[in-house]
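The following paragraphs lead a new reader through a protein model, from its overall form to two of its elements. Please keep the sequence and the structure in view while reading.

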Amino acid sequence: MADKVGSTRDGVYRSDANRSGLDYGTEAGLLGEPAAPIIDAHTHINGRAAAAIWARVADLYGIGRVYSMTRFPEVEAVQEVLGDRVRFLAFPDWSNPDAEAVHRDGYLSVIEAYRERFDARVVKFWAGPGLVDHAGGDPDDLIEFDSPWRVKQAELATELGMMFMVHIADPDTWFATRYADGAKYRTKAAQYVSFERMLERFSQPWIAAHMGGWPEDLDFLDGLLERHDNLYLDSSATKWVVRELSVQPRERVAAFFTRWRGRVLFGSDVVTMDAHLTAEVDGALSIKSEQASTEEGAFDLYASRYWALRTMFETYYEGESPIVDPDLAMVDPVRFGERDAPVLRGLGLGAAVLADLYCNTAIAVVERWCAQG
Ligand SMILES: [Zn+2]
């Protein structure tokens, strides 16, 4: 399989999601059926037309069920398009003009609404150093992960029979650049101290997104998973995870996924929206038109994430990722240009480990949780 991957490449840049002119439709066929039907535990599916394009990509790449953080006003449309295939997570309403309410009292009613109207069983917490800039007002009462507001939200989630997903930290590349002011943003390790207290305080399952926020440090993740039986990770944030897992020795990374089978879920962090299908929205240039502005562009954007993750997990591919990664130039502008990409190194995981990663763990943790009461 590995030698076939990438064989449709014509070398002609199409977009930031397809630097080398891959035919992602044909590529899906070359990868073949996954070891098990994939449950994508972490996406943001929005837009009726975009959801339909996502479904086409998902069919090609063997993605069955999807868990989505869909903006509240778009949930019904997405549900109409995807039917039983999609389940929804409660997540903060970033569009709330009252910025201070988003992660504080405003989130309580949002959690309740997702639970009552759309049967959401997972509450997503967004934390990490970015809150210093995005919390609205004085961020002091939100900085610690177990701050009173978040405990209140977690208690409500517990009452409503919900489990958790959390974004706890950002890439090391960001701590080296935009969060270089340590007094303001604190160290990466500091973000985890109060998170570990919450893991002990609330015993339901927690999914720490983006390889727990620390794909750069598998030794740290080993410790975190050893200390907390109720902690799971997802593989979402394709660019970040591909970049950082690919620079580490293949054997080390493969051993991690093998040791922690049953604790890591497949997630892509694919974001879809109708703004990807057009260059203009209401006469103004769409802010998302840079990512994609046509149906073909949106198809490539969504497919690129599944291509990269499946190629990394399943094959022995070794070559440049087809996805532009701006973090490279952000950290090292001398060595890297704006449209460069990191090496993607295949892990060649075995079928049984892949089946756990792709669906068994999600079934045991999330689907079972959703099925109760
Ligand atoms: Zn996400």
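What percentage of the 373 residues in the protein chain do buried residues make up? In this predicted model, the share of buried residues is 48%. The chain contains 16 helices and 13 strands. Its C-alpha atoms fill a box of roughly 55 × 50 × 45 Å along the principal axes. The radius of gyration is 20 Å, which agrees with the value near 21 Å that a compact globule of 373 residues would have. Among contacts between residues at least 6 apart in sequence, 74% join residues at least 24 apart.

Phe164 takes part in both pairings, as the bridge partner of Val123 and with Trp206 as its partner in β6.

Helix α12 spans residues 238-246, and because 9 of its 9 residues are buried, the helix is largely enclosed by the rest of the structure. Among these buried residues are Trp240, Val241, Val242 and Leu245, as well as Lys239, Arg243 and Glu244. The elements that cover them include the helices α10 (209-212), α13 (250-259), α14 (295-314) and α15 (327-331), together with strand β13 (343-345).

Technical notes: Residues are numbered from 1 along each chain as its sequence is written. This is a predicted model: local features need pLDDT of at least 70, side-chain atom pairs count only at pLDDT 80 or more; totals for chains, interfaces and linings use all residues. A residue is buried if 20 or more other C-beta atoms lie within 10 Å of its own, exposed if 12 or fewer, and partly exposed in between; C-beta atoms are placed from the backbone. Helices (H or I, at least four residues) and strands (E, at least two) are DSSP runs, numbered from the N terminus. Two residues are in contact if their C-beta atoms, placed from the backbone, lie within 7 Å. The radius of gyration is taken over C-alpha atoms; the globule rule is 2.2 Å times the number of residues to the power 0.38. Two strands pair if DSSP finds at least two bridges between them.
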